[in-house]
Amino acid sequence: MKTGSSFLSEAEVVDIGLASVGRSARISRHARFYGASRIRLGEDVRIDDFAVLSAGQVGIDLEGHNHIAVGALLFGDITLRAWSTVSSRVAVYSTSDDFRVDTHTYPHVEAGRALVDAPVVIGSRVVIGTGSTILPGVTIVDGVSVGAMSLVNRPIVDAGVYAGIPARFINARRPLDERPAEPT
């Protein structure tokens, strides 16, 4: 890449120390990585400005053709299957304080702190709308669209459009070949 690009050069990407990086990955100069040696990027992954990827013990796996938009946060052990998008200001957590337990919930106190820790798996061709939050242990099947500002706190097992707090089924997504033609 040319000097002055908003995306890192191949050499700069190598310097991050990611576990693996596929062909044509584009990473913003303003993205941040924590636990980089446990983060795997497939081919044609794009990570935009101010995205934060913070890997858990297993790590983060973006399988390919994924887009992580401006200001998104991926925290913990997360798999994002191919052709899926995490929109701006989305937060995906595989670890969180367990608020059901009467204990400390701030990070500088480890003794007596209770955590919910369960991997998140987001299927292929999934779109997570702006400002949404995905909580620990959630699996989202292929072909789901999550509306903006939604809270996904349980697995989504049927394809379709989901929205709300908590996210609920709204309607089915039509296959591309069944959508109306674009106006001319």
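**Exercise 1. Asp77: a buried charge**

Find out which side chain of opposite charge is nearest to Asp77, and how far away.

*Solution.* 
Step 1. Asp77 is buried yet has no salt bridge. Buried means under 20% relative accessible area; exposed means over 50%, and partly exposed lies in between (1.4 Å probe, protein chains only). A salt bridge needs a side-chain nitrogen of Lys or Arg within 4 Å of a carboxyl oxygen of Asp or Glu.
Step 2. The nearest side chain of opposite charge is Arg38, 6.2 Å away. Lys and Arg count as positive, Asp and Glu as negative; His and the chain ends are not counted.
Step 3. Check what the model is. It is predicted: local features need pLDDT of at least 70, side-chain atom pairs count only at pLDDT 80 or more, and totals for chains, interfaces and linings use all residues. Residues are numbered from 1 along each chain as its sequence is written, and side-chain values use heavy atoms, leaving out hydrogens and water.
Step 4. Look for polar contacts instead. These are pairs of N or O atoms within 3.5 Å; within protein, one must be able to donate a hydrogen and the other to accept it, and residues adjacent in sequence count only if both atoms are side-chain atoms. The Asp77 side chain reaches the backbone nitrogen of Gly59 at 2.7 Å. It also reaches the backbone nitrogen of Gln57, at 3.2 Å.
Step 5. Asp77 sits in strand S8 (residues 73-80). Helices (H or I, at least four residues) and strands (E, at least two) are DSSP runs, numbered from the N terminus.
Step 6. List neighbours. Leaving aside residues up to four places away in sequence, Asp77 touches Gly56, Gln57, Val58, Gly59, Ser94, Pro119 and Val120. Contact means heavy atoms within 4.5 Å.

**Exercise 2. Salt bridges**

State how many salt bridges the structure holds, and say which parts the pair Glu12 and Arg29 ties together.

*Solution.* 
Step 1. The structure holds four.
Step 2. In one of them, Glu12 and Arg29 meet at 2.9 Å, N to O. Glu12 lies in helix H1 (residues 10-16) and Arg29 in the loop between S2 and strand S3 (32-34), so the pair ties together parts 17 residues apart in sequence.
Step 3. Glu12 is partly exposed at 28%, and Arg29 is partly exposed at 30%.
Step 4. Asp48 and Arg46 meet at 2.6 Å, N to O. Asp48 is buried, at 9% relative accessibility. Arg46 is partly exposed, at 30%.
Step 5. Arg81 and Glu63 also form a salt bridge, at 2.6 Å, N to O. Arg81 is in the loop between S8 and S9 and Glu63 in strand S6, so this pair ties together parts 18 residues apart in sequence.

**Exercise 3. The open sheet**

*Solution.* 
Step 1. Write the order. Eight strands form an open sheet, S2-S5-S7-S9-S14-S17-S19-S20, with mixed pairing. Two strands pair if DSSP finds at least two bridges between them.
Step 2. Take a parallel pair. S5 (residues 46-47) and S7 (residues 67-68) pair over two bridges in the parallel sense. Arg46 has His67 as its bridge partner in S7.
Step 3. Take an antiparallel pair. Three bridges join S19 (residues 161-163) to S20 (residues 168-171). Ala163 stands opposite Arg168.
Step 4. Inspect the turn. This hairpin has four residues between the strands, and Gly164 takes a positive phi near 110 degrees.
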